[in-house]
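Open your viewer and get ready to select some residues. We will go step by step, with a word on each term as it comes up.

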Amino acid sequence: MSSNSNHDPHGAADTNRGPLFMAAAMAIANDRETRLLRDSDWHIVVFDILFLGATLPNSDEVVNGVAGLIGNTPLMRINSLSDALGVEILGKAEFLNPGGSVKDRVALRMIEDAERMGFLRPHTGSRIFEGTVGSTGISIATIARARGYETTIIMPDDVAEEKVKALLSLGAEVQRVRPASIVDKKQFVNLAKQRASHFGEPDAIDASVSEGPRAHLHRGLESPSHSMLVSTTANNVDFESNDWQTDEDFLSKPRGFFADQFEVRLAGHSFDLVQRLTVLDVRLSLSTQNKSNYDAHFSGTGPEIWKQTNGQVDAFVSGAGTGGTVAGCGQYLKSVKEDIIVAISDPEGSGLYNKVKFGVLFDRKEAEGTKRRHQVDTVVEGIGINRLTHNMELGLPIVDDAFRITDAEAVAMSRFLVKNDGLFLGSSSACNVMACVKLVRKMGWEGSGKCVVTILCDSGTRHYSKFWSEEYLKKAEIPVDLSLVEDLLRKAE
């Protein structure tokens, strides 16, 4: 729900609605042909539908700081494509978030969840560590500054230079490393976790992996899945007690926090003490998953789309990196309209297309000797991956289709949109829009007036040095050929 409102859609204040609430809920359900899945799900779904409108800000409303600007982004009609195809292709303008991308939602939810559970406390000298290809890092750095945290961002050394400059301008510490597989200890996400675990030690680690014993006692919390970690400089906290979260030493001392956007799980409150070398770890056993990334879209982006389209949405298209957007939005939209089509746009080198289509997470560019780089072999940044994240596992059951988008197609669409709509988008946004066109053509929806919604993740301003660089594209042998889009539209006439 909206981050700039104190209204809690699932809180105790809303449980006294009584018969009037149930009557209104049933009226909306009947009007929109909403399906009753389970009583527990029904309460959540109907609350989101009923009260989302009350939380959307008015244009003359004063919001509370940077966080108040996040979410509730406009849903815009892409005129050139909509008119050419005889459908409504709508883009959620996530590039209008204060941090410039859809990842603002995720960063805000991750930090708010950590604060709510007592893992982070503002203005204590604490530092947030994250491994990212850029956008999530920028969003975290933006919100962290507003809340009194420092940030350390570990990222591949081949991302667009504009993202690095933005992070440095926001005061983040940036470490750039070679792209590597997630099984490599020097992979950027793994290094971010290592840095967080060593927070406050006299000699902070660098990109090398230290395996030797450390000289002093280190205390922290870590999930069994290793996807979340909090380290503290406090030495006298009794984590075996039930009130460790209110311990003055713990509350006042700086902490290092790592919450993997790909795998984040933050719920549960049972603990086991273990001893490892000279390090005392308190392992956080999770009874349930608090999926900050997924939840940001299930309770925010998804309901916004439903409200903005008045429930008249026939398909939702999104790229997937962490998988939080397609999983969260897709699950929400399926819960209120079962027959909506949810589709993935997947760039070259990513394995998600084949996972959806054939059940195998593999791409032909993965063949030995054919790759140009270690991760996903594409000029597109922010989407595409060759492993199945926990977020994506949640989304797979509701994903109906996938579309492979080549680098040339993404580049062509980006230039087409500038030429015909004045819309200056980044690489993942261009992929998403191209997938919308392919979906309409595949479904035979031309002239039907059907509504397809996608995510416009970020603008082209973060992609000058690569995706929007003619010199870079020429060296990478990626053509700029608008006919790739124009031919698709011509076939629809």
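This is a predicted model: local features need pLDDT of at least 70, side-chain atom pairs count only at pLDDT 80 or more; totals for chains, interfaces and linings use all residues.

Residues are numbered from 1 along each chain as its sequence is written, and side-chain values use heavy atoms, leaving out hydrogens and water.

**Stop 1: the largest nonpolar core.** Select Leu81, Met413, Leu417 and Leu439, which touch the most other members of this 41-residue core. A nonpolar core is a set of buried Ala, Val, Leu, Ile, Met, Phe, Trp, Tyr and Cys residues joined through side-chain atoms within 4.5 Å; buried means under 20% relative accessible area (1.4 Å probe, protein chains only). Now colour helix 14 (427–443), the source of the largest share, nine residues. Helices here are DSSP runs of H or I with at least four residues, numbered from the N terminus.

**Stop 2: Leu417.** Leaving aside residues up to four places away in sequence, Leu417 touches Ile78, Ser80, Leu81, Gly422, Leu423, Leu425 and Val433. Contact means heavy atoms within 4.5 Å.

**Stop 3: another core.** Select Tyr294, Tyr332, Met392 and Ala402, which are among the 28 residues of a second, separate core.

**Stop 4: two helices.** Show helix 4 (residues 103–116) and helix 9 (residues 292–308). Which residues of helix 4 meet helix 9? They are Arg105, Val106, Arg109, Met110 and Asp113.

Technical notes: Buried means under 20% relative accessible area, exposed over 50%, partly exposed in between (1.4 Å probe, protein chains only). Axes are lines fitted to C-alpha atoms, for helices over the stretch in contact, and angles run from 0 to 180 degrees between N-to-C directions.
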